[in-house]
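Please open the model in your viewer and keep the sequence at hand.

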Amino acid sequence: MLGGRRIDPLARQAALTLAAGRVGIGASALLATRPALRALGFGDAGPRARALAKLAGSRDLALGLLTVASRDDRRALPTLVLAGAVLDSADALALAISAAEPKTRAAGLLGSASGAAAALAGAWAWARMRD
């Protein structure tokens with residue numbers, strides 16, 4: 001809490017729910033890459049795709065953990081939530097583009113929809129947290 005004002009509890013809960021999902025997906029992509037990629041619809045991936053998945057997973061894991069650690073910080077939490085919404089928007093766009101390829105169509109469609117939903121939820125939470 002900063003300045004005696006509380007963070008909007010509903011926006012905070014949304015932020016922490018998004019962060020928990022980010023930690024789960026990030027840890028899975030980093031530590032159990034092949035099963036995570038299969039669960040996300042990518043099937044069997046080669047070593048280059050697994051390396052990129054680990055990179056994205058480490059980013060999501062770090063952002064999710066930072067968000068949880070900042071759960072009571074009125075300045076940091078909205079900034080991290082906004083960063084997550086921007087990254088989710090970029091992920092949704094990248095996955096939508098990948099849906100043009102037959103081998104990644106299903107994963108691209110599912111990922112772009114879930115990324116867009118997460119981006120919208122993050123933007124909503126951020127808007128409620130702003131001063």
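Which elements each supply at least two residues of the lining of the largest cavity? They are α1, α3 (47-69), α4 and α5. This is a predicted model, in which local features need pLDDT of at least 70 and side-chain atom pairs count only at pLDDT 80 or more, while totals for chains, interfaces and linings use all residues. Residues are numbered from 1 along each chain as its sequence is written, and side-chain values use heavy atoms, with hydrogens and water left out. Helices are DSSP runs of H or I with at least four residues, numbered from the N terminus.

**The cavity**

Select Leu 18, Arg 22, Leu 80, Val 81 and Gly 84, which lie nearest the centre of the largest cavity among its 13 lining residues. A cavity is a set of points on a 1 Å grid over the protein atoms alone where a 1.4 Å probe fits but cannot get out, and lining residues have an atom within 4 Å of a point. Grid points are joined across faces, edges and corners, and a volume is the space filled by probe spheres set on the points. The count comes to one cavity of 30 Å³ or more, and the largest cavity holds about 80 Å³ of space. With five residues, α4 gives the most to the lining of this cavity.

Next, turn to the largest pocket, in which about 990 Å³ of space lies. Its lining has 30 residues, and Ile 25, Leu 40, Phe 42, Asp 91 and Leu 95 are the closest to its centre. A pocket is an open set of grid points with protein on both sides within 12 Å along at least five of seven lines. The elements that give two or more residues to the lining of the largest pocket are α1, α3, α4 and α5. Here α3 gives the most, with eight residues.

**Helix α3**

Select α3 itself. This helix has 23 residues and reaches 32 Å from its first C-alpha to its last, close to the 33 Å expected at 1.5 Å a residue. The expected span of a helix is 1.5 Å times one less than its number of residues. Colour Arg 50, Ala 53, Gly 57, Asp 60, Leu 61, Leu 63, Gly 64 and Thr 67, which are buried in α3. Buried means under 20% relative accessible area, exposed over 50%, and partly exposed in between, with a 1.4 Å probe and protein chains only. What covers these buried residues of α3 includes α1, α2 and α4.

Is Asp 60 buried or exposed? Asp 60 counts as buried because its relative accessibility is 10%. Leaving aside neighbours within four places in sequence, Asp 60 is in contact with Arg 22, Val 23, Ile 25 and Gly 26; contact means heavy atoms within 4.5 Å.

**Thr 33 in helix α2**

Move to Thr 33, which lies in helix α2 (residues 33-39). Thr 33 counts as buried because its relative accessibility is 5%. Display its side chain together with that of Lys 54: a polar contact of 2.9 Å joins the two. A polar contact is a pair of N or O atoms within 3.5 Å; within protein, one must be able to donate a hydrogen and the other to accept it, and residues adjacent in sequence count only if both atoms are side-chain atoms. Apart from neighbours within four places in sequence, Thr 33 is in contact with Ser 28, Arg 50, Ala 53 and Lys 54.

Now select α5 (residues 105-129). The 25 residues of α5 should span 36 Å at 1.5 Å a residue, and its end C-alpha atoms are 36 Å apart, which agrees. Among the buried residues of α5 are Gly 108, Gly 111, Ser 112, Gly 115, Ala 125 and Met 129. Their cover includes α1 (9-31) and α4.

Which residues form the largest nonpolar core? Select Ile 7, Ala 11, Ala 14, Ala 15, Leu 77, Val 81, Ala 125 and Met 129, eight residues in total. α1, α4 and α5 each supply at least two residues of this core, and α1 provides the largest share, three residues. A nonpolar core is a set of buried Ala, Val, Leu, Ile, Met, Phe, Trp, Tyr and Cys residues joined through side-chain atoms within 4.5 Å. Not counting residues up to four places away in sequence, Ala 14 touches Trp 124 and Ala 125.

**Two final selections**

Ala 121, in α5, counts as partly exposed because its relative accessibility is 28%. Ala 121 and Ala 15 are 106 residues apart in sequence and 8.3 Å apart in space, C-alpha to C-alpha. Finally, select Ile 97 in helix α4 (residues 76-98). Ile 97 counts as exposed because its relative accessibility is 57%.
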